Amino acid sequence: MLEQIVFYSLSLLTLASALAVVLHRNTVHSSLFLGLSLAGVAGLFAALGADFIFAAQIMVYVSGVAVLVMFVVMLLGRASDLHLRQINERWMAALLVCGVAAVGLFKIARLHSATVATGAPRPSTHDIGRLFLGEWLVPFELISLVLLAALLGAVFFTRTENAR
Amino acid sequence: MTAPLTLSHYMIVAGLLFLIGVFGALTRRNIIGILMSIELMFNAANINLVAFDRFLHPEGVTGQALALFVMTVAAAEIVVGLALLLAIYRGTDTVYAEDFNLLKG
Amino acid sequence: MIEHAYLIPLIPFAASLIMMFGAKEDPHSPVAWIGIGAMTICLGLSVSILAAAAGGQIPLPYEHNWHWFSFAASIGGKSFLYDMPIGVLIDGPAAVLLVVVTLVSLMVQIYSVAYMHEDTRYKRYFAFVSFFTASMLGLVVSSNILVGFMSWELMGLSSYLLIGFWFEKDGPTEAQKKAFMTTKLGDSGLYLALLFIFAKVGSFQITQIHQFINNGYMTGTVATVIAIGILFGAMGKSAQFPLFIWLPDAMEGPTPGSALIHAATMVAAGIFVVARLYFIFLAAPDAMLVAAWIGCITAFMAAAMALVSYDIKRVLAFSTVSQLGFMMCALGVGGYTSGLFHLTTHAFFKALLFLGAGSVIHSVHTNDMRLMGGLSKKMPITFVTMGAAILAIAGIPGTSGYYSKDMILANIYYANQPIFWIMLGTALMTAFYMSRLFILTFWGDDRDHEKHHHAHESPFLITGPLVLLAFLSLVSGYMLNRDDLVYRLLAKPTISAQAPAGHAPVHAEAASADAHAAPALSAAAAEHAEGGAHHEGHLPHWLHLALPFLVLGSIGLAFTLYKGPRYALADGLKSTFAPAFHLLDRRWFLDDAFDLLVVFCDKVAAVAFWIDANVVDRVFVDGWGLLTRVFAEISNLIDALFVDRTVDGFGGLSLDLGVGLRGLVKEGQVQEYLMYVAIAFSLAATLILTR
Amino acid sequence: MNMLTVVTFAPLLGALIILCLPKEKVKAIQTVAFIFAGISMIASLAMLPGFDRGTPDMQFIERYAWIPSFGVQYFMGVDGLSFPLVLLTTFMCVIGLIASLGIENRVKEYFFWFLVLEVGMIGVFCALDLILFYVFWELTLVPMYFLIGVWGGPRKEFAAIKFFLYTLTGSVFMLLAILALYFAGTAPHTFDMLELAKMTGGWSKNFQILVFLGLYFGMAIKIPAFPFHTWLPLAHVEAPTPISVILAAVLLKMGVYGLLRICLSLTPVGFQWFLPALVVIAVINIVYGALCAMAQTDMKKMVAYSSVNHMGYCLLGIAGMTTAGFTGAVFQMLSHGIITGALFLLVGVIYDRAHTRDISAFGGLAVKLPVFAGLMSLTAFASLGLPGLAGFIGEFLCFLGAFQTWKLAAAISVLGIIATAAFFLRMLQKVFLGKLNEKWADLPDMTTRELVSVVPLAILTVLFGVYPKWPLDLMNKTIEHMLGK
């Protein structure tokens with residue numbers, strides 16, 4: 001019973017903040033709501049018993065990405081943006097697309113309406129660690145390369161004129 | 001309210017989150033808005049991954065491991081995205097998607 | 001002795017092979033004596049057979065066959081293995097003819113030793129003569145008409161080789177081709193007759209064919225067609241009416257060769273084959289009538305041509321054709337015995353005449369009688385021997401020619417009046433032109449002093465045979481006629497039951513086999529039994545007496561016309577009857593007809609080839625080629641115009657569509673593109689999922 | 001012991017070995033070619049005593065599964081009809097090789113293609129499975145194309161292409177017919193000729209006519225029958241001497257053999273229906289061929305048209321539908337192979353010396369070249385059907401067979417014989433007799449190599465003419481049963 005409450009509240013929180021991110025006129029506010037939504041997602045992870053992912057989500061997203069976005073928003077924010085409409089004129093078409101996609105997604109979702117979680121969630125950190133350094137060693141190393149590339153890219157793009 | 005939680009619940013939540021992300025990406029005029037919507041989509045994917053892992057393969061952790069990967073990729077992507085945005089902003093002094101049509105056919 | 005009859009053709013054949021391939025070419029090589037030796041052996045064999053047959057010790061006909069080869073034949077639907085035998089069948093005429101052929105061939109070969117002595121291809125000549133004699137004897141001896149036909153064609157080949165012996169000159173080469181082609185034309189008739197016989201009788205054995213007819217299985221029409229076919233063959237080989245054009249030209253060959261082939265033997269082969277298959281003619285009366293008329297026309301036309309010819313060998317050639325006409329006519333009217341009797345006697349004196357002419361030519365080195373004259377002083381033996389031959393051929397009583405020709409005229413008299421009077425005229429013409437020849441060459445004084453000067457009598461090797469042949473041509477008639485030997489030997493075959501045509505009499509074949517065993521002899525005996533006065537053997541009394549005087553009259557006429565050095569009277573006659581003379585001189589324009597035929601064939605051949613080269617080849621083959629090329633062109637066009645264009649069309653269409661659509665989308669808006677991608681994706685996904 | 005495979009594939013082995021030899025070693029190539037053609041000939045001769053002349057059915061049978069899924073077997077066998085032709089093929093190929101010693105340029109390819117050609121030809125006569133038959137039939141095409149196309153005379157390419165396309169179109173129709181037969185057979189479909197022959201009762205008349213026409217079209221081109229013969233003179237004139245010998249001696253026989261073996265046994269009703277047309281074609285072949293030959297000035301083209309004439313006799317013999325006619329046709333194939341082979345060799349001899357084949361260019365050669373004149377006259381007379389030589393026996397039996405059913409046709413065809421005699425005699429007269437043409441005053445007589453290739457053929461011509469018992473015994477039983485069943 002507790003589990004349902006936790007699930008519904010967290011998902012409501014996530015979805016509402018996501019809507020806010022998308023619809024809110026003020027970019028700063030939407031970035032804030034982004035952080036909130038990511039936190040909601042982290043909660044869902046916790047509800048699903050994925051403890052390591054819950055922790056990772058909190059560290060990476062909520063604190064890292066959301067904060068980063070806020071910095072950038074602050075950096076680029078200008079007063080003139082406030083009274084500009086933040087949504088271009090194609091929202092009707094987008095809505096239509098989402099409606100159609102929604103029909104398809106819900107149809108699939110109904111397929112698994114009967115699958116119920118079996119057994120209590122187990123701590124997964126030990127297994128993830130063993131998996132990463134065992135079977136998935138190569139992808140693990142590769143992903144580190146991706147991050148390195150992203151780092152270099154970011155540094156390269158934001159270099160000022162005189163450095164070139 | 002007493003029905004037990006099923007995988008479809010999580011799928012619906014993830015689906016909705018994903019759709020909101022898509023809606024955002026398509027309609028937001030501000031590139032940062034787009035980036036944020038993309039973040040939402042990534043997260044929707046993660047929810048699905050973890051949910052599937054939890055419901056269908058409780059014994060293994062591949063779902064969660066994959067979610068981790070998605071996170072790293074998302075992070076990398078947002079970093080690069082923002083770096084690009086800064087470079088563009090410095091260059092064109094605008095962050096609105098309509099103004100960038102350099103690659104016009 | 002008769003068991004070795006099969007050796008008779010083989011000995012000269014072996015001799016010819018030895019001579020042809022054994023010895024080296026040399027004008028004086030002794031190889032000729034091998035041929036002569038072989039011929040003497042054969043002569044001995046044949047004489048012994050004839051003596052035995054005449055004496056009645058051995059029953060004729062004697063037949064002995066060996067297995068040659070077998071092939072699958074199907075008569076009337078059922079197929080069986082037909083064993084083709086090859087063997088010997090000696091009956092009366094065959095025995096007589098064996099002696100005649102071997103004797104004449106021997107004489108000719110001895111004569112040729114001297115006549116051809118310095119010719120470059122001396123050896124080859126004797127090989128050809130032996131080869132010819134072998135094939136002639138093969139025809140005479142064989143019991144199987146297919147083997148007979150094979151030796152018949154080989155004879156045609158050897159006459160081709162002998163006529164064209166001096167092939168450097170154009171004359172002989174043209175003559176040899178003409179001879180072979182005309183005889184080949186005739187042979188095709190015999191060829192078809194052969195096929196017809198096998199189709200009907202199912203065998204080539206003469207005895208079996210005779211039995212087949214005896215049993216009356218062969219209908220009249222079939223017999224007639226076969227008889228006409230055989231007659232056609234005989235006309236070709238024995239130079240009868242339309243096909244005798246090759247004989248006068250065949251004189252291009254060496255004279256002894258002509259003597260052997262174109263006087264005594266080969267030309268007689270046609271008559272012999274008709275005699276051999278006489279029972280078919282008996283079964284086809286109208287074929288016999290045709291034969292009679294062909295013989296009559298040939299005799300008359302040839303005699304007429306002989307009147308005007310000045311080449312000694314041409315005259316003899318025409319006389320041979322005329323005498324053959326006599327024989328054919330005799331056979332045609334049913335005078336089987338008289339025809340063959342005349343054949344034997346004619347062989348002797350005609351061979352003598354040719355050899356005599358040869359010795360004359362040998363000494364004066366020309367054929368033209370106008371340059372001869374008065375040779376009797378220079379060449380006494382030739383003069384005397386040819387004189388005997390001329391008496392024989394003219395039919396002076398006592399000579400062999402008288403007996404045989406008289407018998408023929410008698411047969412014709414009782415059978416067919418119109419033919420008789422033509423033949424009587426021809427006989428008188430024969431007497432006339434032969435004595436004309438005799439006078440022009442030997443009588444009066446010489447017309448060409450230079451030739452006359454070194455004319456000399458021929459050596460013994462030439463005159464010896466002449467004397468022997470002269471003796472034979474005088475005596476043979478009497479010898480054969482004594483106590484009806486000729487009727488016994490050359491008895492006319494009979495076909496027993498003139499059963500109504502078609503239905504096969506019931507009695508088994510075996511029964512009739514032995515009945516047939518000795519029909520020849522029994523028929524003769526029956527005839528003999530009729531009190532000896534075989535009525536058709538002699539002319540009615542008044543004709544019997546008148547004939548010799550008529551003959552003497554025509555000889556006298558010849559003397560008067562041609563006695564002067566310039567035979568003025570004869571020339572006068574020639575100018576008055578110029579058109580007739582021209583007609584005869586051009587051999588009744590038959591030669592020109594033959595040349596026209598050849599030219600026509602060449603034209604047809606050219607047209608045929610033109611058709612083949614242009615019509616069939618061009619239209620049919622290259623036409624198809626052209627057609628395919630045109631079709632290829634069209635398909636290429638279609639491909640270029642339609643198919644290609646449509647593809648471009650689609651290409652262009654999609655391009656335009658693209659451009660049009662792009663008009664919708666504002667350029668460069670990332671989100672626009674994202675929007676459309678999203679639309680497409682979501683539509684597709686939902687469509688697939690909701691199906 | 002599978003002798004037939006040895007006979008058929010020995011030359012192929014030889015051909016492969018030749019491929020490995022270096023181009024320059026001409027002597028080695030020629031010896032290898034002779035060895036393997038010799039093996040093939042000796043093997044076929046070795047089969048002679050073992051061949052039972054008493055039974056009409058197949059002997060030396062070899063049957064292996066080749067393509068089991070379609071029921072295609074490697075089914076080889078010979079009987080009275082095909083065994084003499086196999087002997088003829090192996091013998092003529094050795095003769096052809098002897099004559100090929102004169103070839104100078106590209107010797108290696110020449111001998112390779114020659115041996116491959118031999119394999120194809122022997123295979124055609126031994127194959128009893130329709131697909132195997134078709135494979136060998138096509139196998140002979142390619143080598144022939146190259147042999148004519150590379151070593152031929154002035155217009156060799158055109159001749160080679162025409163020959164190839166012509167025969168190919170024919171064999172395409174034949175393939176259609178073979179497939180039709182395959183599907184017409186009962187349930188376990190098979191290409192085996194003998195089985196199919198038993199099933200002919202079930203097929204409708206129209207079906208058999210159609211299948212027959214398909215097969216006939218393929219065979220008629222090869223024979224060559226009247227409308228399809230125009231490739232022959234061209235191919236013969238342009239082909240080098242040894243090749244035109246093989247072309248005349250063996251390749252033409254494949255058509256007639258096919259007609260007898262396949263058309264007759266597999267589509268009897270169709271064959272019966274086609275008979276009147278076959279007789280007309282035969283008569284045209286004979287008379288028309290002879291007339292065309294008479295109009296020729298080129299010796300080789302004349303002999304080519306005479307082949308059309310001789311093949312006309314075969315057709316006439318077959319059209320008679322009597323065993324005598326069939327025996328005549330098979331014997332005529334043998335004798336024509338030998339005689340025309342010799343004729344082409346002799347024409348080749350004169351061509352090598354005088355480099356012209358125009359009849360009117362020569363004159364009076366008999367004086368200068370006695371041996372050549374003798375052999376040429378003998379072969380010419382054999383070819384025009386002089387009795388005592390092989391040509392006559394074949395011709396006579398064909399006429400014997402045809403006369404029983406088609407009296408008028410046989411009568412007309414006799415004109416063909418006269419025309420044959422006419423053009424051969426004219427050729428002999430123009431080339432050998434008359435005055436010696438000074439231009440050829442110094443022509444040497446035949447060399448030993450040429451003699452070695454022609455004299456055996458001349459001996460065979462005389463032997464088969466005088467004593468035809470041996471070849472006839474080989475084929476009698478088979479042909480007796482061919483119509484009897």
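## A helix pair in chain C

Helix 13 of chain C and helix 14 of chain C run roughly antiparallel to each other, because their axes cross at roughly 160 degrees and the label covers angles over 145 degrees. This is a predicted model, where local features need pLDDT of at least 70, side-chain atom pairs count only at pLDDT 80 or more, and totals for chains, interfaces and linings use all residues. Residues are numbered from 1 along each chain as its sequence is written, with chains lettered from A and ligands numbered from 1 in the order in which they are written.

Helices here are DSSP runs (H or I, at least four residues), numbered from the N terminus. Axes are lines fitted to C-alpha atoms over the stretch in contact, with angles from 0 to 180 degrees between N-to-C directions.

Nonpolar takes in Ala, Val, Leu, Ile, Met, Phe, Trp, Tyr, Cys and Pro, charged means Asp, Glu, Lys and Arg, and the others, Gly among them, are polar.

## Where chain A touches chain B

Chain A puts 73 residues in contact with 61 residues of chain B (contact: C-beta atoms, placed from the backbone, within 7 Å). On chain A's side, helices 1 (2–23), 2 (27–47), 3 (51–76), 4 (91–111), 5 (125–133) and 6 (137–157) each supply at least two residues. That side of chain A divides into 50 nonpolar, 19 polar and four charged residues.

## Who touches whom

Of the four pairs of chains in contact, A and B share the most contacts. No contact joins chain A and chain D, whose closest C-alpha atoms lie 48 Å apart.

Note on methods:
Two residues are in contact if their C-beta atoms, placed from the backbone, lie within 7 Å. Angles under 35 degrees count as roughly parallel, over 145 as roughly antiparallel, 65 to 115 as roughly perpendicular and the rest as oblique.
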